[in-house]
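Hi everyone, thanks for coming.

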Amino acid sequence: MAQSTRTLILEQLKSARTALVEGLTVLRQRGPSKVQFWFIALLVGIAAGFAALAFRMAITELQSFIYGADDRLRLHSFATDLPWYVLLIIPTVGGLVVGLIFYWFTDDGRVRSVADVIEGAALQDGRVETRAGIASMFASLITLSSGGSSGREGPVVHMAGVISTWVSNRLDADGITGRDLLGCAVAAAVSASFNAPIAGALFALEVVLRHFAVHAFAPIVIASIAGTVINRLAYGDVTEFLLQTPGSLQFYVELPAFLILGLICGLVSLLVMRGIFLAEDVGGHLQSRLHLPSWLRPAVSGAMLGGIAIWFPHIIGVGYETTLRALTGDLVLHTAVIFAIVKTVALAITMGGRMGGGVFSPSLMIGALTGLAFGLIATGLLPTVSGTHTLYAFAGMGAVAAAVLGAPISTTLIVFELTGDWQIGLAVMASVSISTALASRLVDRSFFLTQLERRDIHLAAGPQAYLLAMMRAGAVMRPLGDPNGASPQAVQPLIDRGLCVNARATLEAAMPIFDREDVVWIPVVTLDDEGAETPVGALYHIDALKAYNRALAATAAEEHS
């Protein structure tokens, strides 16, 4: 018995030794690469965190210099005491500076923001435009400091993308690594900007990468933590909105009211998004009709904002003071309604005028005002079964922002982290779920994906819709002369019938031809300076399908790894 026990122990020790040796081998061969990547993710997070912190501080300093406001939470109050012509001139001059920046440093005069980062993650191996992105950052800084009615998260997220793009290019990173680094930078920037580590990490996964792959989770969390630490070193461990009187929810009885609020907030978010797109279309039409220089368009929008600010200075900047007043119930019903309407109009003018900035912070403000107005009505009608009306402001704030961003998970969490009140979870979740479900059916999932759809970039439907646009016909074709390809004599009749595709065209343009025509292959041509078509190969239907399937498989493998 003792001998068998001794033998068993020796065998277990031998197995343990073998496992240890194998583990050390794996660590030597694979471990350092993962550890190295996590270290790079940490450095990217630190860089993005400091960039976001610097951007936030720069806004505060520039606002203080321009408006004389030494407290960003009381900008509205400071602006109220300024002469009317100052309120008119400041955003006009700011818009002129913004217009010149875009005119000199971008090809299309368009601000780069979250939508471009989403596009970079999906279609450009995690890269974004660097020159236009830096220009957008400075333009948005001028906009937010001089009276533009938008938010800071858009430029902060794209600025993070510029940082990760630089690192990815230095490392010659592949698509998966580039996207992961992009997610790390975005998470750190959002966390550093809002002191919201959980929401920052989930925002990068839910909005930018649009998947929750395990391999990306750890480095993104590391970067998000780094961004949060940077924020707290500068501002301390405090929430964005300091609330003194959190409310209580009359459980079960009051929840139907929050579901109704979710429906209303879904419609409000739709008005916000459609208002921005309408302003963009009207602005473009008027610019073309009046032959207005592109650099003058933001100045005209700035003048319009200045005119509104004379009567409603609460539209200036991000809107912290008004949001805080809504969350504390320091507004009456008609004031909350009017402020929400005016802020929506001001946001549309800012974004339609191509002044820069983001939509998240304005959505929080509009949502808080909407929720407060609803709460004042609901608690007034049924005071005996209602909690405080400020709870509805919380729920409305999350519901509108979540519907605009198309990000119910990260938005719900960021509401908790911005306020520090975790006791209102049911109310916020109920409103957010309904508003997001409604709004996502009426637009292309979110504001950002709808922006891309308007540029004919089809990401909302998923990889099966946009992967075809990533593959060129020239890269998949069989060249002329290929033993398994088409002969030069066989391609010309199809070209004469118009059944051909340019070598630089994507499979998105080629596949409908196969669906429409009963052909196995179609000629691939190039065009010379005079427009003459020269056949260079043949694109076979089976080859296109194989390339598409490989791309789908690679995407699925990344998203489930």
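**Aromatic pairs and charges over rings**

The count comes to 8 aromatic pairs, where rings of Phe, Tyr and Trp (its six-membered ring) pair if their centres lie within 6.5 Å; planes under 30 degrees apart count as stacked, over 60 as edge-to-face and the rest as tilted. Take tryptophan 84 and tyrosine 85: their ring centres are 6.0 Å apart and their planes stand at 85°, so this pair is edge-to-face. Tryptophan 84 counts as exposed, at 53% relative accessibility, while tyrosine 85, at 44%, is partly exposed. Here buried means under 20% relative accessible area, exposed over 50%, and partly exposed in between (1.4 Å probe, protein chains only).

A quick word on the source: this is a predicted model, so local features need pLDDT of at least 70, side-chain atom pairs count only at pLDDT 80 or more, and totals for chains, interfaces and linings use all residues. Residues are numbered from 1 along each chain as its sequence is written, and side-chain values use heavy atoms, with hydrogens and water left out.

Now to another pair. Phenylalanine 374 and tyrosine 392 are tilted, with 5.7 Å centre to centre and 50° between the planes. Both of these residues are buried. Ring pairs also link Phe258, Phe374 and Tyr392 into a cluster.

And finally, charges over rings, meaning NZ of Lys or CZ of Arg within 6 Å of the ring centre and within 35 degrees of the ring normal. Arginine 152 lies over the face of phenylalanine 194, 4.8 Å from the ring centre. Over the ring of tyrosine 540 sits the charged end of arginine 478, 4.0 Å from the centre.
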